[in-house]
Amino acid sequence: MPNSGVKLPSTRGCNARPGPFARLRFVPAVAGLLVLIGCACYQTPLAASRPSLGANVDLASLQAADRAALLERLGEAGVTSVRMELDWNRVEPRSEEFAWEAFDEAVDAACERGFEIVFVLGPCAVWAVNPAWQVPPKEAPRSVPKSIEVWRRYVRSAVTHFRGRVALWQVREQPTAQNFRGARREYAALLRAAAEEARAADPAARIIVPEAGHLDIAAMDRFIAKGGCDYVDVLGLYLPEDPCDVPLPWAVFANEVIGRCEPEKRRPFWVLDGATEESAPRQWHLYYLMAWAFGAERCYLPPDAIDTSWASGLADLEYRGFTAPAAGALALAFERREGTPVAVAWSASEAQIPAPEPGQRPVRLGPAPTVIEGIEFQSPISEGAPSRADVLAARGGPELKDASRVYVDYSVSDLPEVGLYNRKLRARRGGQALEESRGGRTCLRTQLNYRRGEEEKDNPWLYFDVDDSWMYFDRGGSKLAITVECEAALVGPKKLGFNILYDSTRGYRFTPWQWVEAGQGWRRYRFEIDDASFTNRDGYDFRINAKGSKQDLYVASVTVEKLATEPAETAAE
């Protein structure tokens, strides 16, 4: 059975380093910092200590001298563990022929210096893919094995070989569509099999399950609801490229998703990877601070992002909580051990708070966070994390939670987007829509292009984002109607059509295909859905898809409305 406590005990055979960030101090944050949120009705206690700092690095590919130098530098920066892939293709290049030497050297070198190891199982061995599937060789590692038995043997062999040295095992890298050529049920089968084999080979083994990227809250929620925490010990998250995309989903995950677990089944979460290798060093500091505030138990970053210039600045800092120092503003409050207050504060629009010292000017806040030392907030500091309402207030914009509908209509020049947004999404691949005048209306137009070699010019999609204050992670609690007003088809019947791809409680789903009636004028088409999640997991909530049509689609307006639902007792009759 998995460990039921929040903190995992040390089960490794090599000496652990002292507690996380034993020598570290605080550094300034950078632009883009937003604070976390939580469920207004449930608050998960945050971790009492800072997240342990880990590094993502392939030690097995380094020469001994380079490996030693890197480990020495990481140790000085406060890193306590290393996460790396145990590539199935490298350790079992041919069926039942194992080659452990490179990984043995890497593990031994790390253990000698007190580092804990996290191994990522996978990707798939090329020889283990069924040749009848005709998977291209470059795609084979992202595939699933031809049988669950060969996967079980790989896991069992690996855990047995490293027993006593490695106890933490992640099942495949982030299983996104780009990394994993399989269905959700196939990943679930690999996960369960890995957990069974690992624990049979080493009762001290701990299993880490990674989310599928862009924080698919609904998938994690479903995984937990179906008893996933019965056979995993840690939930893993990945960083988005933009720090501004962290707070809302992470807080909902930490407070509302994990918060649903029974106390004995509640699992810690770790930040595993993500963002981009090109991110500025200061941005990694930001990610770490947000991980700390959200209550992450560990935070794994690229080795180049970790150095003593920032890591050594965290030792004497403690997180106190959050406060609203001005209308529409939020701040994360820290304090140095000697008592000096430190804050990271920001606001959706310009705001100001009293100056840190008498005679100084007030501190002006904006969307970019401002690091302030020595200020005593007049507003009370609340422990833990801000609520969903707190973070949405700091984002600014309209308050739409009580509105019955949101819409776009570009013929309304003074207010074309009310709680539903397309303009900010027009740089997305396949979604570069045009605004054109058509029949006296200002419309959104797709740009279909089926010429061979010009695929990048094909723009068959219209992306939409619903305002988070109107709906975010609804768990299918609201029945919605999406009404699309478009121009009639000009090229005849069954030549122009579309459907809607939307973020549901079960992943992305398509509505049925809708042919647009031929003729003149405008047509309205209504799609009712009862399983919307709308968590911006890929930066949008739904998109209109006209791919396959013989002419461009002209959309004059789109409306999303909440439909009245029957009382529970009526629905049950």
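I looked up Lys479 and found it partly exposed, at 33% relative accessibility. The cut-offs I used are under 20% relative accessible area for buried, over 50% for exposed, and partly exposed in between (1.4 Å probe, protein chains only). I work from a predicted model here: local features need pLDDT of at least 70, side-chain atom pairs count only at pLDDT 80 or more, and totals for chains, interfaces and linings use all residues. Residues are numbered from 1 along each chain as its sequence is written, and side-chain values use heavy atoms, with hydrogens and water left out.

Lys479 pairs with Glu528 in a salt bridge, 3.4 Å from N to O. Glu528 sits in strand β25 (residues 522–529) and Lys479 in strand β21 (residues 479–487), so the bridge ties together parts 49 residues apart in sequence. My rule for a salt bridge is a side-chain nitrogen of Lys or Arg within 4 Å of a carboxyl oxygen of Asp or Glu. Strands are DSSP runs of E, at least two residues; helices are runs of H or I, at least four; both are numbered from the N terminus. Glu528 is also partly exposed, at 44% relative accessibility.

**Arg509 and Asp531**

Next I checked Arg509, whose side chain meets that of Asp531 in a salt bridge of 2.7 Å, N to O. Arg509 belongs to strand β23 (residues 507–510), while Asp531 is in the loop between β25 and β26 (542–545); the two are 22 residues apart. Arg509 is partly exposed, with a relative accessible area of 30%. Asp531 is buried, at 4% relative accessibility.

**Arg298 and Glu116**

Then I turned to Arg298, which forms a salt bridge with Glu116; the closest N and O atoms are 2.6 Å apart. This pair links distant parts of the chain, 182 residues apart: Arg298 in strand β8 (residues 298–301) and Glu116 in strand β3 (residues 116–121). Arg298 counts as buried, at 11% relative accessibility. Glu116 counts as buried too, at 7%.

**Salt bridges overall**

I counted 39 salt bridges by the rule above. I also noted a network of salt bridges that links Arg152, Arg156, Glu196 and Glu197.

**Whole protein**

I logged 11 helices and 27 strands. Of the 573 residues, 57% count as buried. I took contacts as heavy atoms within 4.5 Å. Among those between residues at least 6 apart in sequence, 75% join residues at least 24 apart. The protein exposes about 24500 Å², and carbon and sulfur atoms supply 48% of that area. The areas come from the Shrake-Rupley method with a 1.4 Å probe; for residues, only the protein chains shown count as cover.
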